Each structure stands twice: as structure tokens, then as C-alpha cells.
Amino acid sequence: MLDAPKGLRLHIALFGRRNAGKSSLLNALTGQEVSIVSETPGTTTDPVEKTLEFLPLGPVVFLDTAGLDDEGELGRQRVEKTCNVLPRTDIALVVAADNVWGDCEREIVRRLNEEGIPCVAVLNKADKSAGGADDVEALVRRDCPKSPVVRVSARTGQGIAELKEAIISVRPDESLHESALVADLLPERGIVILVVPIDSGAPKGRLILPQVQTIRDALDGRKICMVVTEEELVPALDCLAARPSLVVCDSQVVHRVARDTPGDIPLTTFSILMARLKGDLPSLAAGAAAIGGLKPGDRVLVMEACSHHPQKDDIGRIKIPRLLERQTGGSLSFDMCAGKAPAECADGYSLVVHCGGCTLTRRQMLARLKSAKKKQVPMTNYGVAISFCQGVLERVLTPFPEALASFRQARG
């Protein structure tokens, strides 16, 4: 892996009417021909992603979207896809042009404010603006009192430098994006053993993203990191002069690793580390308690952030359902939902089981948790659910007292 994962990048989305110049503005900001530009309204149909280094913010994802004023049945679907971008937006650029600012812009600003997403109001095509530009800017400042308002021309480059400064000024709190994955759990020069099974689900010649990120975080924190398979765990423990400060394993071998790791050595899983990094671990731990209350016939929603090709023994489609039905003692009704669209599909379920979310941003995962809570549906993730079904959840939550307390309280 040579690039920062999308899940760790700031997502900057452009919203506005058709022909407001969103695509031209994106090209001007990035200095690249990222989006197709045309005078024909509705050229951008689906959200367009562009990943790049945007100094001084660093790695970002720009999202170009369809016009908010699109018409007809197809236009309605395009607008819906545009709004689906909101849960993965960290900074919004609301683009207006031709001295037009009205209900479309006010509605998207309202939704951004409701979600706590910082925005910059961009008055594009400043090189063409005739009379009334000052009046429109005053109107925008009234509707967006806490947001920077910048006049630009994507065609000439006027105001682009000022727009970049405005984007930097509204950058959200670092806690929404960057925090330690494992390094903060270890003392200075502490040893962590990572137990990585090599099975049919492991990419050939590579490690999966949570494993790579954990290794990098340990190295960034100047910790001592040892990587072994489950067969080599006991020999690794025996050969160390000092006991490790932590063992982290893949959820699918957690039962064996818990058996082979002495009880006085803290143990957790990659999935639980990702749950803490990307979401709300105490909530996901509490959600796992609902597994104990499942009854045959209950509906369970399994959610994945990426649309990978299903494996023969796929964790979300085969292994999780098998474990939950064994735990329940009967058949359950499972639905599968994969992709980055927001999780507004939780009605009527007894439980939502989400993947680790390695391709999602923290804001996206928190939005999915918020949706489930709003509908009073408990939500957990793959690794937490597996550890519950294997009877070792309390053991792997021990490094996280708040999450352990939340689980015990929910279990009653």
C-alpha cells in the first residue's frame, strides 16, 4: 500500500445547482482535469471521487456531485445520490453562480448545519458577475453566518488561493479522523504481537487493511511489533525475554488465541481496534449484548462498507449468520447491505452487524450508528459479534474498560 486509505482521508464535497461550475471548480482546486466540464446541464450524474494530496491538509478525497436542482424521475435519483454523500462529507463547498442563491442552497446549508458539517459558500463565475453580486453575497452571509464566503472564478483562477485558505480554516476536529489505533495502548518500547491467519480470505501476497494500519500505527508510535500466524503464537511467546504488552488477533482465530495467550497478557482483536478508531466502541459492545436475546425468526441486517467479491466462506454472508444461528438455536432472517450509501435501512431488525469499516471515515460510521440508534436497533460489528459467540468478548474488551462496562450493563 503506497497511498493513505480513503477511510483516513478528509472528504470534501461540492454541492450546488446544475451548471454552477462545481466540476470546473474541482478542476481548478486540484490543478487536474478530474471532472468532465460542459455547458450542458446535468453533465455530472453520479458522485465523482478524486483522491490526492491537498497541501497543507494532506491526503483528501474530493467529491463532485450532481446538481441539486435536477428534474424528472432520473433527476430525482441523481439528487438522492448527491444527498447520500452527506454522511461521508467532512467539509462541504456550497457552490452558487450567476447571482443565484435560493431554496436549493438554503436547504443543503440547513442539512449541513443539522449534521454538524462545516461548509464554505463559494460564489463562482466572479469574472462574469454583473450587477447585484454584492446583494447576493450579503444574502449568502445572512444564510451562512458562521461560514466563510469566497468569490472565485474557476475559469480564470481568481479567488482559488483564498478558497483553499477558507477550506483549511473550517477543517473539522482531528478526533473525527485521526487517533491512535494501538500505539496508545502500549508503554514506551512496548511489545505487541499481531496474530495474522493466512487463509482463503487473505489477499495473495498482501495483508488486509486493518492489519496494515495496525502495523503502521505501532511503528509510528515507536513500539516493537511482532507478526505471527496462530500456529507460531506460542513459540513467539516462549522466545521473548520480556512479556508482550498486548496481543492482537484476527477475530476468526480469537478462540484459539485466547486459549494460547496467558490470562495476564492483555488481548484484543483487529476488529475491536477498528471499532474504537472508526466508531463508538462502547455502543458497539452494548449492541453485542442483543445477540443473547435473539430468537429464531428475528431479522438481522449485515452491513459492509465495501462491495468485495464474496468468498467461498464469506465472513458476512456465511460465517456471521452461521455463528448467530448457532448461538440462537434456530434460523434467523438475514439481509445483506453493501456499499457506502447511508444506513437508512434498519427498520424492523432485531440487530445490525457491521463490518470493521476500514474503508469508511469515522463520520460515516458514526452516521450509521446514529441511524440505528434513532430506530432503536442495537448495532455491533463483525469482530465484536464473533468474540461474543466464541465466549471471549469480556476478555478482548478488557483493554477498554468503558466498552466492557457498557457491554456488562447492556447484558444486565
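Predicted model: local features only at pLDDT ≥ 70, side-chain atom pairs only at ≥ 80, totals over all residues.
Residues are numbered from 1 along each chain as its sequence is written, and side-chain values use heavy atoms, with hydrogens and water left out.

**View 1. Strand E7 (residues 191-195) is largely enclosed by the rest of the structure.** The reason is that 5 of its 5 residues are buried. Here, buried means under 20% relative accessible area, exposed over 50%, and partly exposed in between, with a 1.4 Å probe and protein chains only. Ile-191, Ile-193 and Val-195 lie on one side of E7, Val-192 and Leu-194 lie on the other, and both faces are covered. Strand names come from DSSP runs (E, at least two residues), as do helix names (H or I, at least four), numbered from the N terminus.

**View 2. E7 pairs with strands E8 and E9.** Strands pair if DSSP finds at least two bridges between them. E7 and E8 (residues 224-228) run parallel and are joined by 5 bridges; look for Ile-191 opposite Ile-224. With E9 (residues 246-249), E7 also runs parallel, this time through 4 bridges. Val-247 of E9 is the bridge partner of Ile-193.

**View 3. Helix H9 (residues 270-278) meets helix H12 (residues 362-374).** H9 is largely enclosed by the rest of the structure because 8 of its 9 residues are buried, among them Phe-270, Ser-271 and Lys-278. The axes of H9 and H12 come within 8 Å and cross at roughly 90°. Axes are lines fitted to C-alpha atoms, for helices over the stretch in contact, and angles run from 0 to 180 degrees between N-to-C directions. The two helices are therefore roughly perpendicular (65 to 115 degrees; under 35 is roughly parallel, over 145 roughly antiparallel and the rest oblique). Arg-276, Leu-277 and Lys-278 of H9 make the contact with Arg-362, Met-365 and Leu-366 of H12, where contact means heavy atoms within 4.5 Å. These residues divide into 3 nonpolar, no polar and 3 charged. Ala, Val, Leu, Ile, Met, Phe, Trp, Tyr, Cys and Pro count as nonpolar, Asp, Glu, Lys and Arg as charged, and the others, Gly among them, as polar.

**View 4. Helix H6 (residues 209-220) also packs against H9.** Their axes come within 10 Å and cross at roughly 75°, so H6 and H9 are roughly perpendicular to each other. Pro-210, Gln-211, Gln-213 and Thr-214 of H6 touch Phe-270, Leu-273, Met-274 and Leu-277 of H9. By class, this contact has 5 nonpolar, 3 polar and no charged residues.
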